[in-house]
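Reader: I am new to this structure and would enjoy a close look at a single part. Could you take your time over it and then show me the surroundings?

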Amino acid sequence: MIDIHFIVNPIAGSGDHSFSEPFLQDYFEADRYNITIKSSGYKGHAIDLTKESINQQADIIVACGGDGTINEVASTLVGTTIPLGIVPIGSGNGLACHLNIPLNLKKALYIIKNNKRTAIDVGSVNKRYFFSNTGFAFTANVIENYEASQTRTLLCYIKACLKSFQDYSKKEKTVISIDDNIEIVNPFLIFISNSNVMGYKMSLTPKASLTDGLLDVVLVPRISRLRMLVFGFCMLIRKPELLKEVKCYQTSKLTLLRKKGTSFESQIDGEISKIDAKKLSISVERESLNILV
Ligand SMILES: Nc1ncnc2c1ncn2[C@@H]1O[C@H](COP(=O)(O)OP(=O)(O)OP(=O)(O)O)[C@@H](O)[C@H]1O
């Protein structure tokens with residue numbers, strides 16, 4: 001028998017999800033599969049549910065949600081041999097999009113049933129894992145405004161972007177040094193990505209690969225509002241490097257040092273996260289997560 005545990009975020013995306021044993025048994029026959037369904041009740045709960053499933057010797061653990069839920073489940077699975085399945089019922093679904101996991105529920109379930117595994121790279125910021133991306137300044141502010149809107153739709157995401165453009169000039173002064181050779185005063189954006197999709201099929205790092213042992217970095221210094229709009233357009237056409245102020249490169253590790261500013265306002269896989277440390281060590285662990293694709 002194959003034990004599959006589904007960890008469902010009931011509020012992900014539209015928040016209208018019906019996972020029941022009879023429904024899943026239409027895809028996973030009762031004589032071959034044991035199905036367990038767990039529902040997360042609050043932020044971070046999926047971590048404990050995954051730990052419990054590991055102790056219960058699950059053969060496959062499936063994250064049903066968006067990038068935030070995947071982060072919680074996958075972070076707990078790194079270093080184990082248990083493969084992660086993904087049912088993308090979130091809003092942005094960035095990692096699922098990179099992996100070509102269909103948004104169609106039935107098709108996503110067949111991918112899990114096929115049991116085809118691949119190992120992907122995993123990013124880490126001061127030992128916190130990210131699978132899709134992490135970012136500072138504008139990208140963190142967008143997520144902060146998005147979370148405050150309480151509704152996870154594309155329209156709310158666009159409104160969060162517009163509000164973040166307005167907020168930018170009101171932010172406290174920050175000075176960030178990168179690998180001791182680049183110093184940015186009030187950066188507009190620092191974005192570090194493992195995957196090639198941010199969410200809603202948008203991308204700042206279209207050339208990123210989940211298996212190259214590298215992170216794709218996008219740095220945008222302080223720019224005028226007009227240049228911000230041009231940058232927004234370049235992002236929509238997936239060519240951020242067209243703006244001459246933008247620096248894009250790949251690396252396996254980097255260090256950010258906060259020389260001025262009270263904390264690193266950051267987002268990790270689309271969830272806001274304030275990091276008080278002065279120094280951030282960001283790196284990639286090669287092919288450390290098994291995933292069903
Ligand atoms: N029952 C719950 N109530 C409130 N928040 C929850 C609950 N269960 C999980 N969460 C939190 O909801 C947040 C958002 O989840 P998730 O990322 O899966 O969906 P999403 O934001 O709609 O999708 P995406 O990240 O792809 O845009 C996560 O931080 C998760 O920890």
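Author: Happy to walk you through it. This is a predicted model, in which local features need pLDDT of at least 70 and side-chain atom pairs count only at pLDDT 80 or more, while totals for chains, interfaces and linings use all residues. Residues are numbered from 1 along each chain as its sequence is written.

Now for the surroundings. The chain has eight helices and 16 strands, counted as DSSP runs from the N terminus (helices are H or I with at least four residues, strands are E with at least two). Its radius of gyration is 19 Å, close to the 19 Å of the globule rule for 293 residues, so the chain is as compact as a globular protein of that length. That radius is taken over C-alpha atoms, and the rule is 2.2 Å times the number of residues to the power 0.38. Along its principal axes, the C-alpha trace spans about 60 × 35 × 30 Å. Of the 293 residues, 42% count as buried, meaning 20 or more other C-beta atoms within 10 Å of their own; exposed means 12 or fewer, partly exposed is in between, and C-beta atoms are placed from the backbone.

One piece to find by eye is an open sheet of six strands in the order 12-11-10-7-14-15, with antiparallel pairing; two strands pair if DSSP finds at least two bridges between them. Strand 12 (247–251) and strand 15 (271–275) are at the edges with a single partner strand each, so one side of each has no neighbour in the sheet. Strand 14, residues 264–268, is joined to strand 15 by five bridges, and Phenylalanine 264 stands opposite isoleucine 275 there. Helix 6 (residues 138–148) lies across strand 7, strand 10, strand 14 and strand 15, at about 95° to strand 7. Axes here are lines fitted to C-alpha atoms, for helices over the stretch in contact, with angles from 0 to 180 degrees between N-to-C directions.

Glycine 213 lies in the loop between strand 10 and strand 11 and counts as exposed, because it has 12 C-beta neighbours inside 10 Å. Leaving aside its neighbours within four places in sequence, glycine 213 is in contact with Asp121, Ser252, Val284 and Arg286, where contact means C-beta atoms, placed from the backbone, within 7 Å. Asparagine 186, in the loop between strand 9 and strand 10, has a positive phi of about 45° although it is not a glycine. With 18 other C-beta atoms within 10 Å, asparagine 186 is partly exposed.

How values were computed
Two residues are in contact if their C-beta atoms, placed from the backbone, lie within 7 Å.
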